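Please open the model in your viewer and keep the sequence panel beside it. The tour below goes from one selection to the next and says what is there.

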Amino acid sequence: MNESIGLYIMAAIYIFGGLMHFLRPKMYMRIMPRYLPNHKALVYLSGVAEIVLGIGLCIPAVKAFSIYGIMAMLGVFLLVHVYMLSSEKAAAGIPKWILILRLPLQFGLMYWAYTYLN
């Protein structure tokens, strides 16, 4: 795959994901770990982060910063994925095997971002 096409696909995924935090915030609040404060603010903040980092992938001057930001963000999001495994309510009816597969997927997404560091 052409490197820039893959980068734009990645950017679109994060921008879309970030927008979904504003279009469907209740869905994200349901999966927030109970021990984290102010779920609504965190949902919106993570949405902004995804949008900004996705846009940053398309700007050469900040691309590397955005890649490191995405890798860090995905690391933080592991908290949510582990919480979804431990809470039937947070799992939202998603089969356990899919929730388990999401954990290595996070690392795959981190690696995908890493491959665009030059």
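Helices here are DSSP runs of H or I with at least four residues, strands are runs of E with at least two, and both are numbered from the N terminus. Before going on, note that this is a predicted model, in which local features need pLDDT of at least 70 and side-chain atom pairs count only at pLDDT 80 or more, while totals for chains, interfaces and linings use all residues. Residues are numbered from 1 along each chain as its sequence is written, and side-chain values use heavy atoms, with hydrogens and water left out.

**The pocket**

Next, show helix H1 (3-23), helix H2 (25-30), helix H3 (39-56), helix H4 (63-86) and helix H6 (96-114), each of which supplies at least two residues of the lining of the largest pocket. This pocket has a volume of about 860 Å³, and of the 33 residues that line it, His21, Tyr28, Glu50, Phe77 and His81 are the closest to its centre. A pocket is an open set of points on a 1 Å grid over the protein atoms alone, where a 1.4 Å probe fits and protein lies on both sides within 12 Å along at least five of seven lines; lining residues have an atom within 4 Å of a point. The volume is the space filled by probe spheres set on the points, which are joined across faces, edges and corners.

Now pick Leu74, which has its place in helix H4. Is Leu74 buried or exposed? Leu74 is buried, because its relative accessible area is 3%, and buried means under 20%, exposed over 50% and partly exposed in between, with a 1.4 Å probe and protein chains only. Leaving aside residues up to four places away in sequence, Leu74 touches Tyr14, Gln106, Leu109 and Met110, where a contact means heavy atoms within 4.5 Å. If you draw a distance between the C-alpha atoms of Leu74 and Leu109, the separation is 7.8 Å, although these residues are 35 apart along the chain.

**The whole chain**

Finally, zoom out to the chain, which has six helices and zero strands. Its C-alpha atoms fill a box of roughly 40 × 30 × 20 Å, taken along the principal axes, and buried residues make up 38% of the 118 residues.
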